[in-house]
Amino acid sequence: MRSRITHEPIDTAAVLEMVWAQENGAVLLFLGVVRDHNAGRAVTGIHYDAYSDMAERVLTEIVAEAAARMGTERIAAVHRIGELDIGETSVAIAVASPHRAEAFDGARYIIEEIKQRLPIWKEEHYLDGDKGWLDGRVPMAASGSDRMVDDDAR
Amino acid sequence: MQLSLLFFALYRDLAGTDRKVIMAPQGVTVAELVRFVRALPGLDWLPAEPVVAVNQEYAAPDLVLKYADEVAFLPPVAGG
């Protein structure tokens with residue numbers, strides 16, 4: 001299992017490389033990419049802010065949870081922060097498993113949990129020179145991350 | 001007791017700083033600290049029930065804080 005928060009551009013081929021193994025027939029790579037529009041406005045780039053130390057911890061937890069669900073350790077997740085241009089990769093998730101169902105399930109779990117509880121924020125820059133923080137999701141903080149996992153598994 | 005407050009993203013913009021060290025009453029809970037912080041100059045914009053992380057873990061309102069805890073106020077998250 002590998003997880004990382006980074007300021008550097010994500011080498012997606014290297015992320016895939018982390019999970020390859022001979023016993024696995026399904027290998028999946030999900031990329032989150034900065035797009036050129038949002039909510040009807042032209043976007044020129046995104047600034048990703050993070051509570052970096054906590055984000056490292058939470059991403060490690062999420063990957064460990066996915067590993068437990070999938071029954072494989074062949075998982076890698078990398079989230080980039082800082083200033084990103086259109087088309088650049090903000091998040092890369094690679095999973096490998098003997099069969100496709102677990103791979104799709106594991107990758108989906110990781111991206112949904114990232115969006116739900118990773119302490120990272122997006123500030124969009126618009127073509128007209130304006131900028132703004134995007135609305136986000138409220139993590140269920142009441143009982144910490146264990147509670148969130150239980151809710152997701154119901 | 002001394003506590004470090006951290007602000008991120010929109011909250012950092014609103015606070016005008018990413019970090020503030022304050023003296024809070026001994027043994028306050030997270031919920032009590034939020035009320036205390038909202039009464040400080042320039043911090044009245046903080047929501048009444050913000051998402052809070054203590055020492056890098058999401059914290060419940062009834063968590064009792066200790067000396068030198070790192071208390072982060074987190075806007076709704078938007079990673080991915």
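Is A:Leu127 buried or exposed? A:Leu127 is exposed in this predicted model.

**View 1. A:Leu127 sits in a loop between two strands of chain A.** Strand S8 (120-126) lies on one side of the loop, and strand S9 (131-133) on the other. The relative accessible area of A:Leu127 is 65%. Exposed means over 50%, so A:Leu127 falls in that class.

**View 2. A:Leu127 touches residues from elsewhere in chain A.** Set aside its neighbours within four places in sequence. A:Leu127 is then in contact with A:Ala42 and A:Thr44. Now look at A:Asp85, which is 42 residues from A:Leu127 along the chain. The C-alpha atoms of A:Leu127 and A:Asp85 are separated by 12 Å.

**View 3. B:Asn55 has a positive phi.** The value is near 50°. B:Asn55 is a residue other than glycine. Find it in the loop between strand S3 (51-54) and strand S4 (57-58) of chain B.

View 4. Where is B:Ala68 found? B:Ala68 lies in the loop between S4 and strand S5 (70-74) of chain B. With a relative accessible area of 47%, B:Ala68 is partly exposed.

Conventions. Residues numbered from 1 in each chain as written. Chains lettered and ligands numbered in written order. Predicted model: local features only at pLDDT ≥ 70, side-chain atom pairs only at ≥ 80, totals over all residues. Heavy atoms only, no water. Helix = DSSP H or I, 4+ residues; strand = E, 2+ residues; numbered from the N terminus. Buried < 20%, exposed > 50% of the residue type's maximum accessible area, 1.4 Å probe, protein only. Contact = heavy atoms within 4.5 Å.
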